[in-house]
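Please look at the sequence and structure below before reading on.

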Amino acid sequence: MFESIILGLLQGLAEFLPISSSGHLVLGHELLGMNEAGMFFDIMLHAGTLLSIFVVFHKKITDIIVGCLRRDRDQLREAGYIILASIPTALIGLGFKDALESLFENPRAVCVAELFTGLLLFTSQWGPTGAKHPDNEGIKMNWWRALVTGTVQGIACIPGISRSGSTISAMMFMGVNRKYAGEFSFLMSIPAVGGAALLDCIKWIKCQTMTPEKALLNPEKALKCVDAGGFTPELLVGMIVAFIFGIIALKWLMNFVQKGKFQHFAWYVWAVGILGLIFLK
């Protein structure tokens with residue numbers, strides 16, 4: 001139960017703060033010895049943080065949905081940008097799926113990725129809408145900026161590279177309004193995180209139907225199902241913790257982004273990366 005709470009806390013905070021939730025879960029599993037927790041545990045933690053996005057941005061999401069139904073031009077354009085950004089993310093995530101999954105078993109590679117995240121966060125202050133330019137209101141999103149941001153989100157599938165940190169930094173470098181950059185980053189994460197969780201959920205369901213006969217026919221697939229995990233009270237608690245701290249992290253980060261203090265998180269991820277390289281084998 002204690003380990004579930006800690007991992008739920010890590011997921012809730014790290015999913016939205018620019019410090020990489022996937023990286024922290026890998027390191028958390030390594031430090032707590034919870035490699036046997038299973039894919040279902042991670043799926044439900046991501047579901048908890050996904051719910052927190054709907055809570056914090058419920059008005060924005062409702063406006064987009066209602067606007068699209070009423071064929072409002074601005075809301076249709078907004079939805080189009082989210083869909084457009086999701087395309088390169090999906091192509092990268094599915095195209096390099098096996099290579100990306102292998103990195104989850106390499107904590108030292110995660111630490112190197114954390115160092116790269118720190119570099120992105122620190123240099124973001126020199127972007128047109130970064131901390132060095134507090135009075136720049138920035139420009140609006142367009143189709144090519146949405147594609148670039150979606151590509152960056154796809155690259156952030158690498159554990160240790162922060163999805164929110166890299167996408168918001170990219171938008172700051174492109175001169176996008178800070179507040180809008182924060183909102184768009186989390187709205188575009190809904191299909192990305194939701195889609196990834198859905199694929200993992202399908203994989204988990206298939207694991208539940210794995211029979212000895214099927215295992216003999218496909219031993220490699222059977223091996224991946226050994227530690228799939230299942231629903232437990234500890235999992236539910238972890239999910240709730242991830243949901244609550246996801247809300248807190250979302251509101252906190254939006255405040256940081258609007259004030260142009262995004263780069264301060266660089267010192268934390270650098271510390272995580274360096275300490276991880278020193279102490280993890």
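Contact here means heavy atoms within 4.5 Å. The model is predicted.

**Helix α1 with helix α14**
- Helix α1 covers residues 2-14 and helix α14 covers residues 233-258; their axes come within 7 Å and cross at roughly 30°.
- Angles under 35 degrees count as roughly parallel, so α1 is roughly parallel to α14.
- The crossing of these two helices, α1 and α14, is right-handed.
- On the α1 side, the residues in contact are Ser-4, Ile-5, Gly-8, Leu-9, Gln-11, Gly-12 and Leu-13.
- On the α14 side, they are Glu-234, Val-237, Gly-238, Val-241, Ala-242, Phe-245, Gly-246 and Ala-249.
- Sorted by class, this contact of α1 with α14 holds 8 nonpolar, 6 polar and 1 charged residues.

**Helix α10 with helix α14**
- Helix α10 (residues 178-187) also meets α14: the axes come within 8 Å and cross at roughly 150°.
- Angles over 145 degrees count as roughly antiparallel, so α10 is roughly antiparallel to α14.
- The crossing of α10 and α14 is right-handed.
- From α10, Arg-178, Lys-179, Gly-182, Glu-183 and Phe-186 take part, and they meet Leu-250, Leu-253, Met-254, Val-257 and Gln-258 of α14.
- The contact of α10 with α14 is made up of 5 nonpolar, 2 polar and 3 charged residues.

**Helix α5 with helix α10**
- The axes of α5 and α10 are 10 Å apart, and the two helices pack at an angle of about 60°.
- At that angle α5 is oblique to α10.
- Their crossing, that of α5 and α10, is right-handed.
- Glu-78, Tyr-81, Ile-82 and Ala-85 in α5 are in contact with Tyr-180, Phe-184 and Leu-187 in α10.
- There are 6 nonpolar residues, no polar ones and 1 charged residue in the contact of α5 with α10.

**The second largest pocket**
- The second largest pocket holds about 280 Å³ of space.
- Its lining includes Lys-60, Asp-74, Gln-75, Arg-77, Gly-138, Ile-139, Lys-140, Met-141 and Asn-177.
- Glu-78, Tyr-81 and Tyr-180 are also among the residues that line the second largest pocket, and these residues take part in the contact of α5 with α10.
- Helix α5 (residues 73-95) gives the most to this lining, with 5 residues.
- By class, the lining of the second largest pocket has 4 nonpolar, 3 polar and 5 charged residues.

Key. Residues numbered from 1 in each chain as written. Predicted model: local features only at pLDDT ≥ 70, side-chain atom pairs only at ≥ 80, totals over all residues. Heavy atoms only, no water. Axes fitted to C-alpha atoms, helices over the stretch in contact; angles between N-to-C directions. Helix = DSSP H or I, 4+ residues; strand = E, 2+ residues; numbered from the N terminus. Parallel < 35°, antiparallel > 145°, perpendicular 65-115°, else oblique. Left-handed = near helix turned anticlockwise from the far one by under 90°. Nonpolar A, V, L, I, M, F, W, Y, C, P; charged D, E, K, R; others polar. 1 Å grid on protein atoms, 1.4 Å probe; cavity = no way out; pocket = protein on both sides within 12 Å on 5 of 7 lines; lining within 4 Å. Points joined across faces, edges and corners; volume = space filled by probe spheres on them.
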